[in-house]
Amino acid sequence: MTARTHAADVMDRAHPAHRTLDTEVEEVRRETRRRFGRFVLDVANPGAHFRNRLNRPLDHRVFEQAGDLGLLRFSLPAAAGGDGRDKLAWGVVVEEIARLSRDPGFAVLLDITVEITELILSSGTPELIDSYVPDLAAGRRFGVQGAYESRDPYDYRSTARLDGDTWVLNGAKRFVAGATFADLFVLFLRDEASNDMLAFVVEKDDPGVTPVAMETMGMRTMGLGQVVLHDVRLPRWRLVWRADALSELNSYARIRRSMSACGVLGAMDGMVEACVESLSARRRSGRRVLDYANVERSVGEMRMLLQASRASVYRALDGTRTTGRDPYFDEFATVAKHHASESALRVGQLLMNLQGGESYMTAFPWERYMRDVLGLIGGQGSQEMLLIQLGQRAIVGLEGQRVREDAAERAVARLADSWWALHAATAPGSGDLPGDGGLPGDGGLPGDGGLPGPGAGDGGGDGVSDADGPGDGDTAGLLRAVRDVREAAGLTALTGDEHAHVTALLDRAHALLAAVRSGQPPAALPPGPPDALTGRAGDAATAAWRFLACALAHETGLLAGLLEPRTADDAAAGLPLGPGLTGDLLRVLVAASVVRVDADGRHTADPGLERVLIGGPRTAAFTARIRRALTGAARLRTGEPAVRTGEPAHRFGPAVRRELAPGCGGDAAVLADVLVNSLLGRLEGLPERLDHPGARVGCAAGDGGRTAAELARHIPFVPVLALEPDGTGAPAPGPDGTVDVRPGGPDAFTPDDRLALAWLPTSGLTPDALRRAITAATRALLPGGWLVLADALPPRRPLGAATTRLAQTLTGAPPPSTADLEALLRAAGLGHVHPAWQDPALNLSLHAARRP
């Protein structure tokens, strides 16, 4: 194998059996030319130029011959006597006929009558179908649609009124293709009684129907005109849809946009071919005109416009063969129609430039092409209207997607709330707060197996006063946080039996969690909440059990594997779970609406969870929130202190801070991403401060260097100074970022640090410790530098807010209020104090303040 052959072999990945869309399209093109080419060239084309000059439509017999050839039946269902071909094939037929035809309106009219036939078929009314479909399919009758009034549908002046068993129609449709020669019209009118949109089949010979021809700039052979209705009386069976005909009109417009674009494609292709042919014999300065670079460039641009339009149109047509499409709006069809129309206009400009004076003469086809293209542009919505619809659709779609994603994350958070609530309801010592009735079997004070108390240490030798050392007041605060959770969950009055059932359930839950994490999962899921648990306790127990299933599925990779549909056996493959346990977990997740299952037994994760399952910063934050619930509730259950005895609140271990403190650990990546990609341009002067010689970024997260490493990854080339209680941590962030670790608490910054940015999570800091940390960071900032504080954002739901306060209280101190936080920032002499960012789905927020 030569080097060149090898290179071609590596780059060419085509499969011999693969049938491309281009191949399919070309086959239909050849079929169209074989079956209908002679008809277009010999029957439809002769006389086209003079019909256009005299505003004469095609002879009705042309459509009868089209019917005899099967052209009008090509895309109709087989049950209706048609060939049953799909819309992609029909679109190619329309394009090829428009290319061969001297009259671009001919292909458009063919498609209109076919679409009208399909509209009548879709009504399902036997009288309508039997009366009109056979003649329409055979070309013996020609049908068109009329809806346009230059008004909103529910403000139409054309109306229908039911008078006994007869509908009475009045009004006018101002712009109807084929109005002057059509045999019947499907007209959309407003019901006077309900204001709903209705559709009727109206025949040209019905008393009171008057077609009126109109003069237009282009499309002069399409029989454009108005249809005037005056007391037109129709039997009930002429009603196509009894209600909501607007939806059907939208469905009609959806496909008509693609077909209208097909007609534009064919006209463009025909004109480009004719232009090249007309220039081939011309010579200038002894050279063929086609050999000049500017001409080649113009022809190349026309070809590019044609092929780009063709790609968008075929994409839209191919989409008509898929299920699950929006029945009323097709984004690809709208894009295709807009792009094809704009391209056709540009092709017309290039044609006129190349043809010179001939382009302005009516004896040549170029000026007619321009007039006709302008007429095609207005059909199925003006260009501006299409852009408005696309913009509206994009905004609604993107906002709706965000709402669905946030809702999916909040659904998991609500399950976690119940997990916290069950642990609070059975926490030892939770009955020691005055005013609370206590629980059976409650323990005593911290240190005696009761609630985890931060301890009563002396503060150590880190420059923090004894006021930072938690004592009985902190225990009372923790008890109060536990009571708030119980009250919000409605679990303040568990009976002895309920308490025992909940305790046993949590025993099974933690045993299962430990078994899975140890690599020894059980063969099946242990029993969930017993039937004896009813009411609020039963609901909380069910939700907590579902959260456990969600947490296990996420930790083991089961949930991420369900981004693609899988059966239970396929989902279990390669996971540290057996098929029995996997199947049980999937049943719980389906009941929780976290996972969906189809009729074939394939499971898929809620699409709203995709952004937290595909990896990246948001996945890390989602994982951190689940782990916080698991770890924090476990410590609450066992009475294990989050802060070691004798240590101030901000000095508990980095591992605990990574697990429990919002704004640290797993939250670091998403917050660093927000800082750089959302806030950098909104924190005035920060980019310039970061470029200042000798400037650094200060990080007081105290989470083993994880936040510092993320800041270094997202802000490379600027050194990061990390304050760590034990002086360790900070994994290597990468070749372009450096992290210097210095032992100390969050108040250990000094003016010599020269910080352009100081990063300070507030979790676990008492008000006094937070004040000193802010003061120290402010002094370390360069003039114009920014202090950014990461904090938890309590949810609006009462139980969620209570569990957030409990989780933060477990880290050593309750969360500060927004007012208190901003007051501390202003007291330190900082300005531009404001909430910089918040994400309710993540329950995280950032506050920012600037040193003058």
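**Exercise 1.** In what order do the seven strands stand in the open sheet, and what is the pairing?

*Solution.* The structure is a predicted model, in which local features need pLDDT of at least 70 and side-chain atom pairs count only at pLDDT 80 or more, while totals for chains, interfaces and linings use all residues. Residues are numbered from 1 along each chain as its sequence is written, and side-chain values use heavy atoms, with hydrogens and water left out.

Step 1. Strands are DSSP runs (E, at least two residues), as helices are (H or I, at least four residues), both numbered from the N terminus. Two strands pair if DSSP finds at least two bridges between them.

Step 2. The order of the open sheet is S15-S14-S13-S16-S17-S19-S18, with mixed pairing.

**Exercise 2.** Describe how S18 pairs with strand S19.

*Solution.* Step 1. Strands of a sheet pair through backbone hydrogen bonds, either parallel or antiparallel.

Step 1. Six bridges join S18 to S19 (residues 844–850), and the sense is antiparallel.

**Exercise 3.** Determine whether Leu 189, His 832 and Ser 285 are buried, partly exposed or exposed.

*Solution.* Step 1. Apply the cut-offs: buried means under 20% relative accessible area, exposed over 50%, and partly exposed in between (1.4 Å probe, protein chains only).

Step 1. Leu 189, in strand S4 (residues 184–191), has a relative accessible area of 0% and is therefore buried.

Step 2. His 832 has a value of 49%, so this residue is partly exposed.

Step 3. Ser 285 reaches 75% relative accessibility and therefore counts as exposed. Ser 285 belongs to the loop between strand S9 (283–284) and strand S10 (287–288).

**Exercise 4.** What is the phi of Ser 285, and what is that of His 832?

*Solution.* Step 1. Most residues other than glycine have a negative phi.

Step 1. Ser 285, not a glycine, has a positive phi of about 55 degrees.

Step 2. His 832, also a residue other than glycine, has a positive phi near 55 degrees.
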